[in-house]
Amino acid sequence: MTMRVQLSPTATLAYDAIGSGIPLLALHGAYSARAEVRGFLEPMLAERPVRRIYADLPGHGESRPSSGLRTPDDVLDLVDRLLEAETSGGRFLVLGHSFGGHFARAIAARHPDRVAGMALICSFVAGEQRTAESRVVRDDGASAALDPDRRSEYEGYFVVRTADTLERFRRAVIPATGDVDDETLEVAIAAGPHAADPDEVAVDAPVLVMSGRHDSWVGWERQERLGDLYPHATVVTAADAGHALPHERPGLVTALLCDWLDEIGV
(Lines give C-alpha, C1' and ligand atoms only; values in the text may rest on other atoms or scores of the structure.)
Protein backbone atom coordinates (compact mmCIF):
# COMPACT_ATOMS: atom_id res chain seq x y z
CA MET A 1 0.00 0.00 0.00
CA THR A 2 1.38 3.39 -1.00
CA MET A 3 1.72 5.93 1.80
CA ARG A 4 2.69 9.58 1.52
CA VAL A 5 4.24 12.43 3.43
CA GLN A 6 4.30 15.99 2.13
CA LEU A 7 5.64 19.48 2.68
CA SER A 8 3.08 21.02 0.32
CA PRO A 9 0.60 19.85 -2.34
CA THR A 10 3.46 19.82 -4.85
CA ALA A 11 6.12 18.37 -2.55
CA THR A 12 5.25 14.78 -1.74
CA LEU A 13 7.11 11.56 -1.05
CA ALA A 14 5.47 8.21 -1.80
CA TYR A 15 6.63 5.03 -0.07
CA ASP A 16 5.61 1.58 1.06
CA ALA A 17 6.80 -0.54 3.97
CA ILE A 18 7.17 -4.28 4.42
CA GLY A 19 7.91 -6.33 7.54
CA SER A 20 8.52 -5.42 11.15
CA GLY A 21 11.56 -4.59 13.22
CA ILE A 22 14.16 -1.86 13.04
CA PRO A 23 13.28 0.60 10.24
CA LEU A 24 15.45 0.52 7.13
CA LEU A 25 14.97 3.35 4.63
CA ALA A 26 15.96 2.15 1.13
CA LEU A 27 16.56 4.65 -1.69
CA HIS A 28 16.89 4.04 -5.42
CA GLY A 29 19.02 5.90 -7.94
CA ALA A 30 18.22 8.64 -10.43
CA TYR A 31 15.83 7.71 -13.26
CA SER A 32 14.65 4.63 -11.38
CA ALA A 33 11.99 4.08 -8.69
CA ARG A 34 11.47 2.19 -5.46
CA ALA A 35 10.39 -0.97 -7.29
CA GLU A 36 13.99 -1.66 -8.35
CA VAL A 37 15.45 -1.61 -4.83
CA ARG A 38 12.46 -3.54 -3.49
CA GLY A 39 12.94 -6.08 -6.28
CA PHE A 40 16.51 -6.95 -5.33
CA LEU A 41 16.38 -6.27 -1.57
CA GLU A 42 13.29 -8.29 -0.60
CA PRO A 43 14.84 -11.69 -1.43
CA MET A 44 17.94 -10.69 0.51
CA LEU A 45 16.33 -9.40 3.74
CA ALA A 46 12.85 -10.90 3.89
CA GLU A 47 13.78 -13.19 6.82
CA ARG A 48 15.36 -10.43 8.93
CA PRO A 49 13.51 -8.46 11.65
CA VAL A 50 13.70 -5.27 9.57
CA ARG A 51 10.88 -2.97 8.47
CA ARG A 52 11.90 -2.19 4.90
CA ILE A 53 10.73 1.27 3.83
CA TYR A 54 10.94 1.84 0.08
CA ALA A 55 10.60 5.46 -1.03
CA ASP A 56 10.32 7.04 -4.47
CA LEU A 57 12.71 9.98 -4.60
CA PRO A 58 11.00 13.26 -5.59
CA GLY A 59 10.47 13.48 -9.32
CA HIS A 60 10.35 9.69 -9.67
CA GLY A 61 7.63 7.08 -9.60
CA GLU A 62 4.68 8.07 -7.45
CA SER A 63 6.53 11.03 -5.88
CA ARG A 64 5.24 13.34 -8.59
CA PRO A 65 4.49 16.17 -9.00
CA SER A 66 7.43 17.48 -7.02
CA SER A 67 7.84 21.02 -8.27
CA GLY A 68 7.56 22.36 -4.71
CA LEU A 69 11.07 21.06 -3.99
CA ARG A 70 13.76 23.51 -5.08
CA THR A 71 16.94 22.32 -3.34
CA PRO A 72 18.55 19.03 -2.25
CA ASP A 73 17.93 19.96 1.39
CA ASP A 74 14.22 20.29 0.58
CA VAL A 75 14.38 16.59 -0.29
CA LEU A 76 15.94 15.86 3.08
CA ASP A 77 13.24 17.92 4.84
CA LEU A 78 10.69 15.68 3.15
CA VAL A 79 12.59 12.54 4.15
CA ASP A 80 12.55 13.84 7.72
CA ARG A 81 8.74 13.79 7.54
CA LEU A 82 8.90 10.14 6.53
CA LEU A 83 11.34 9.35 9.35
CA GLU A 84 9.08 11.13 11.81
CA ALA A 85 6.14 9.00 10.67
CA GLU A 86 8.01 5.69 10.60
CA THR A 87 10.66 5.84 13.34
CA SER A 88 9.10 7.99 16.10
CA GLY A 89 12.44 9.69 16.62
CA GLY A 90 14.29 6.41 17.16
CA ARG A 91 17.24 4.80 15.46
CA PHE A 92 17.07 3.54 11.91
CA LEU A 93 19.10 2.02 9.08
CA VAL A 94 19.58 3.63 5.70
CA LEU A 95 20.55 2.05 2.38
CA GLY A 96 21.05 3.65 -1.00
CA HIS A 97 21.85 2.48 -4.52
CA SER A 98 23.54 4.84 -7.00
CA PHE A 99 22.32 8.42 -6.38
CA GLY A 100 20.23 7.04 -3.54
CA GLY A 101 23.57 6.35 -1.85
CA HIS A 102 24.37 10.06 -1.95
CA PHE A 103 21.08 10.88 -0.23
CA ALA A 104 21.67 8.05 2.26
CA ARG A 105 24.96 9.72 3.21
CA ALA A 106 23.27 13.14 3.43
CA ILE A 107 20.55 11.71 5.70
CA ALA A 108 23.22 10.13 7.90
CA ALA A 109 25.06 13.47 8.07
CA ARG A 110 21.84 15.08 9.32
CA HIS A 111 21.19 12.38 11.92
CA PRO A 112 24.55 10.76 12.81
CA ASP A 113 23.40 9.84 16.32
CA ARG A 114 20.25 8.10 15.09
CA VAL A 115 21.75 6.06 12.26
CA ALA A 116 22.31 2.51 13.47
CA GLY A 117 23.92 1.50 10.18
CA MET A 118 24.35 2.60 6.58
CA ALA A 119 24.78 0.52 3.40
CA LEU A 120 25.89 2.04 0.11
CA ILE A 121 25.63 0.11 -3.16
CA CYS A 122 27.43 1.62 -6.16
CA SER A 123 26.92 5.00 -4.55
CA PHE A 124 27.41 8.28 -6.34
CA VAL A 125 30.09 10.29 -4.53
CA ALA A 126 30.28 14.01 -5.25
CA GLY A 127 33.41 15.36 -6.89
CA GLU A 128 35.44 14.49 -9.95
CA GLN A 129 34.21 11.18 -11.31
CA ARG A 130 36.78 8.55 -12.27
CA THR A 131 34.57 5.94 -13.84
CA ALA A 132 35.74 2.53 -14.96
CA GLU A 133 36.22 1.78 -18.62
CA SER A 134 33.09 0.21 -20.03
CA ARG A 135 33.55 -3.50 -20.72
CA VAL A 136 31.44 -6.62 -20.97
CA VAL A 137 32.27 -9.28 -18.39
CA ARG A 138 30.05 -12.02 -19.82
CA ASP A 139 27.51 -12.20 -22.62
CA ASP A 140 25.58 -15.34 -23.54
CA GLY A 141 23.45 -13.58 -26.15
CA ALA A 142 20.25 -13.53 -24.05
CA SER A 143 19.61 -9.87 -24.82
CA ALA A 144 18.86 -10.70 -28.45
CA ALA A 145 15.31 -11.51 -27.27
CA LEU A 146 14.70 -7.84 -26.36
CA ASP A 147 13.38 -5.14 -28.65
CA PRO A 148 16.04 -2.56 -29.67
CA ASP A 149 15.12 0.07 -27.04
CA ARG A 150 15.01 -2.42 -24.16
CA ARG A 151 18.19 -4.07 -25.38
CA SER A 152 20.00 -0.72 -25.36
CA GLU A 153 18.73 -0.04 -21.83
CA TYR A 154 19.79 -3.48 -20.61
CA GLU A 155 23.22 -3.42 -22.23
CA GLY A 156 23.85 0.13 -21.02
CA TYR A 157 23.31 -1.00 -17.42
CA PHE A 158 24.54 -4.59 -17.22
CA VAL A 159 28.08 -5.80 -17.85
CA VAL A 160 27.04 -9.38 -17.00
CA ARG A 161 24.55 -10.26 -19.74
CA THR A 162 23.10 -13.69 -19.07
CA ALA A 163 19.70 -15.31 -18.87
CA ASP A 164 19.75 -14.77 -15.08
CA THR A 165 20.52 -11.05 -15.24
CA LEU A 166 18.02 -10.59 -18.06
CA GLU A 167 15.33 -12.12 -15.83
CA ARG A 168 16.28 -9.72 -13.02
CA PHE A 169 16.20 -6.83 -15.47
CA ARG A 170 12.69 -7.77 -16.50
CA ARG A 171 11.49 -8.38 -12.95
CA ALA A 172 13.11 -5.49 -11.04
CA VAL A 173 14.39 -2.86 -13.46
CA ILE A 174 11.75 -2.52 -16.17
CA PRO A 175 8.88 -1.96 -13.67
CA ALA A 176 10.93 0.84 -12.06
CA THR A 177 11.60 2.83 -15.20
CA GLY A 178 9.22 5.42 -16.55
CA ASP A 179 8.54 9.11 -16.68
CA VAL A 180 10.48 11.44 -14.40
CA ASP A 181 10.05 15.09 -13.46
CA ASP A 182 13.09 16.59 -15.18
CA GLU A 183 12.73 19.98 -13.49
CA THR A 184 12.83 18.39 -10.04
CA LEU A 185 15.84 16.28 -11.00
CA GLU A 186 17.71 19.37 -12.14
CA VAL A 187 17.16 21.46 -9.01
CA ALA A 188 16.57 18.99 -6.18
CA ILE A 189 18.11 15.61 -7.06
CA ALA A 190 21.60 16.99 -6.91
CA ALA A 191 24.83 16.58 -4.98
CA GLY A 192 24.30 19.62 -2.80
CA PRO A 193 25.13 21.89 -1.24
CA HIS A 194 23.80 20.45 2.01
CA ALA A 195 23.68 22.20 5.38
CA ALA A 196 25.25 19.04 6.82
CA ASP A 197 27.97 18.07 4.35
CA PRO A 198 28.16 14.26 4.05
CA ASP A 199 31.91 14.52 3.39
CA GLU A 200 32.41 16.29 6.72
CA VAL A 201 30.29 14.20 9.11
CA ALA A 202 31.55 10.84 10.36
CA VAL A 203 29.03 8.13 11.24
CA ASP A 204 30.02 6.04 14.25
CA ALA A 205 27.99 2.99 13.20
CA PRO A 206 28.62 0.02 10.92
CA VAL A 207 28.86 1.20 7.32
CA LEU A 208 28.97 -1.07 4.29
CA VAL A 209 30.30 0.28 0.98
CA MET A 210 29.93 -1.95 -2.10
CA SER A 211 31.10 -1.11 -5.61
CA GLY A 212 31.56 -2.87 -8.93
CA ARG A 213 35.00 -2.91 -10.49
CA HIS A 214 33.51 -2.25 -13.93
CA ASP A 215 31.06 0.49 -12.94
CA SER A 216 31.21 2.95 -15.82
CA TRP A 217 28.49 5.14 -14.24
CA VAL A 218 29.99 6.18 -10.87
CA GLY A 219 33.29 4.28 -10.67
CA TRP A 220 34.73 2.64 -7.55
CA GLU A 221 37.86 4.54 -6.44
CA ARG A 222 36.10 7.41 -4.63
CA GLN A 223 33.83 4.86 -2.95
CA GLU A 224 36.82 3.00 -1.56
CA ARG A 225 38.07 6.23 0.06
CA LEU A 226 34.88 6.45 2.12
CA GLY A 227 36.60 4.01 4.43
CA ASP A 228 38.75 6.93 5.58
CA LEU A 229 35.65 8.87 6.67
CA TYR A 230 33.64 6.16 8.40
CA PRO A 231 35.57 4.47 11.24
CA HIS A 232 33.48 1.26 11.16
CA ALA A 233 33.32 0.81 7.40
CA THR A 234 33.57 -2.42 5.46
CA VAL A 235 34.55 -1.55 1.88
CA VAL A 236 34.23 -4.10 -0.91
CA THR A 237 34.96 -3.68 -4.61
CA ALA A 238 33.46 -6.62 -6.46
CA ALA A 239 35.17 -8.11 -9.48
CA ASP A 240 33.17 -8.93 -12.59
CA ALA A 241 30.33 -6.52 -11.85
CA GLY A 242 29.26 -3.01 -12.77
CA HIS A 243 26.62 -0.49 -11.69
CA ALA A 244 24.02 -3.27 -11.65
CA LEU A 245 25.99 -5.01 -8.87
CA PRO A 246 22.96 -6.14 -6.80
CA HIS A 247 21.51 -7.80 -9.91
CA GLU A 248 24.80 -9.21 -11.19
CA ARG A 249 26.26 -10.50 -7.89
CA PRO A 250 23.17 -11.04 -5.67
CA GLY A 251 24.82 -13.80 -3.62
CA LEU A 252 27.73 -11.56 -2.69
CA VAL A 253 25.50 -8.58 -1.90
CA THR A 254 23.23 -10.78 0.25
CA ALA A 255 26.19 -12.14 2.22
CA LEU A 256 27.61 -8.66 2.80
CA LEU A 257 24.25 -7.21 3.87
CA CYS A 258 23.64 -10.10 6.26
CA ASP A 259 27.11 -9.64 7.78
CA TRP A 260 26.39 -5.89 8.11
CA LEU A 261 23.14 -6.61 9.94
CA ASP A 262 24.91 -9.16 12.17
CA GLU A 263 27.45 -6.49 13.10
CA ILE A 264 24.64 -4.07 13.96
CA GLY A 265 22.93 -6.75 16.04
CA VAL A 266 19.84 -7.30 13.89
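Q: Which residues touch the most other members of the largest nonpolar core?
A: A nonpolar core is a set of buried Ala, Val, Leu, Ile, Met, Phe, Trp, Tyr and Cys residues joined through side-chain atoms within 4.5 Å, where buried means under 20% relative accessible area with a 1.4 Å probe and protein chains only. This is a predicted model, in which local features need pLDDT of at least 70 and side-chain atom pairs count only at pLDDT 80 or more, while totals for chains, interfaces and linings use all residues. Side-chain values use heavy atoms, with hydrogens and water left out, and residues are numbered from 1 along each chain as its sequence is written. Of the 40 residues in this core, those that touch the most other members are L25, L82, V94, F103, I107 and M118.

Q: Which residues does M118 contact, leaving aside its neighbours within four places in sequence?
A: Contact means heavy atoms within 4.5 Å. With those sequence neighbours left aside, M118 is in contact with V94, A104, R105, A108, P206, V207, L208, Y230 and W260.

Q: Is T184 buried or exposed?
A: T184 lies in helix α6, residues 182–187, and it touches P58, G59, S66, S67 and I189, not counting residues up to four places away in sequence. Because its relative accessible area is 1%, T184 is classed as buried.

Q: How do the residues lining the largest pocket divide into nonpolar, polar and charged?
A: The largest pocket is lined by 17 residues, and A30, Y31, S32, T177 and W217 lie nearest its centre. The residues of this lining divide into eight nonpolar, seven polar and two charged.

How values were computed:
Buried < 20%, exposed > 50% of the residue type's maximum accessible area, 1.4 Å probe, protein only. Helix = DSSP H or I, 4+ residues; strand = E, 2+ residues; numbered from the N terminus. 1 Å grid on protein atoms, 1.4 Å probe; cavity = no way out; pocket = protein on both sides within 12 Å on 5 of 7 lines; lining within 4 Å. Nonpolar A, V, L, I, M, F, W, Y, C, P; charged D, E, K, R; others polar.
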